[in-house]
Amino acid sequence: MTTLTKTDEISIIKTDEVGRRQTPAARRERLLDEFDRSGLSAAKFAALTGLKYSTFAAWVHRRRR
C-alpha cells in the first residue's frame, strides 16, 4: 500500500508501507545540480536537505557513472 504525504505547496511525496519516501527524478536532479554548485561535502549537503547520507551518496555515485 502506498500513501501520499503533502510535504509542501507544490509536491506530493509517495511513501510506502515501511515509511520510505520516493523522490521524483526531477527533484533528485535539482538537488544534485544544487549540490554540484554548493561546494559542500556530500555528508553536509545531505544533512542540510534532510536526506540520509547513504541515499544521497548513491544518487551521486549513479550520476557520476
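## Exposure and the overall fold

A residue is called buried when its relative accessible area is under 20%, exposed when that area is over 50%, and partly exposed in between. By this rule Ala-43, with a relative accessibility of 44%, counts as partly exposed. The structure discussed here is a predicted model.

The chain contains three helices and three strands. Followed along the sequence, these elements are arranged in the pattern β-β-β-α-α-α. Of the 65 residues in the chain, 23% are buried. Where contacts join residues at least 6 apart in sequence, 26% of them link residues at least 24 apart.

## Packing of helices α1 and α3

Two packed helices are described by the angle between their axes and the distance between the axes. Helix α1 spans residues 25–38 and helix α3 spans residues 53–64; the two pack at about 85 degrees, and their axes are 11 Å apart. Angles of 65 to 115 degrees count as roughly perpendicular, and α1 and α3 are therefore roughly perpendicular to each other.

On the α1 side, the contact is formed by Arg-28, Glu-29, Leu-31, Leu-32, Asp-33, Phe-35 and Asp-36, while α3 contributes Phe-56, Trp-59, Val-60, Arg-63 and Arg-64. By residue class, the contact of α1 with α3 comprises six nonpolar and six charged residues, with no polar ones.

## The nonpolar core

The largest nonpolar core has 10 residues: Leu-31, Leu-32, Phe-35, Ala-42, Phe-45, Ala-46, Leu-51, Phe-56, Trp-59 and Val-60. Helices α1, α2 (42–49) and α3 each supply two or more residues to this core.

Trp-59 belongs to this core and also takes part in the contact between α1 and α3. With residues up to four places away in sequence set aside, Trp-59 touches Thr-23, Arg-28, Leu-31, Leu-32 and Leu-51.

## Two buried loop residues

Thr-23 is located in the loop that connects β3 and α1. Its relative accessible area is 18%, so Thr-23 is buried. Apart from neighbours within four places in sequence, Thr-23 contacts Arg-28 and Trp-59. Arg-28 and Trp-59 are themselves among the residues through which α1 meets α3.

Asp-16 occupies the loop between β2 (12–15) and β3 (21–22). Because its relative accessibility is 17%, Asp-16 counts as buried. The Asp-16 side chain forms a polar contact with the side chain of Arg-20, at 2.6 Å.

## Ala-43 and Tyr-53

Ala-43 is part of helix α2. Ala-43 and Tyr-53 are separated by 10 residues in sequence, and their C-alpha atoms are 5.7 Å apart in space.

Definitions and conventions:
Residues are numbered from 1 along each chain as its sequence is written. This is a predicted model: local features need pLDDT of at least 70, side-chain atom pairs count only at pLDDT 80 or more; totals for chains, interfaces and linings use all residues. Side-chain values use heavy atoms; hydrogens and water are left out. Axes are lines fitted to C-alpha atoms, for helices over the stretch in contact, and angles run from 0 to 180 degrees between N-to-C directions. Helices (H or I, at least four residues) and strands (E, at least two) are DSSP runs, numbered from the N terminus. Angles under 35 degrees count as roughly parallel, over 145 as roughly antiparallel, 65 to 115 as roughly perpendicular and the rest as oblique. Contact means heavy atoms within 4.5 Å. Ala, Val, Leu, Ile, Met, Phe, Trp, Tyr, Cys and Pro count as nonpolar, Asp, Glu, Lys and Arg as charged, and the others, Gly among them, as polar. A nonpolar core is a set of buried Ala, Val, Leu, Ile, Met, Phe, Trp, Tyr and Cys residues joined through side-chain atoms within 4.5 Å. Buried means under 20% relative accessible area, exposed over 50%, partly exposed in between (1.4 Å probe, protein chains only). A polar contact is a pair of N or O atoms within 3.5 Å; within protein, one must be able to donate a hydrogen and the other to accept it, and residues adjacent in sequence count only if both atoms are side-chain atoms.
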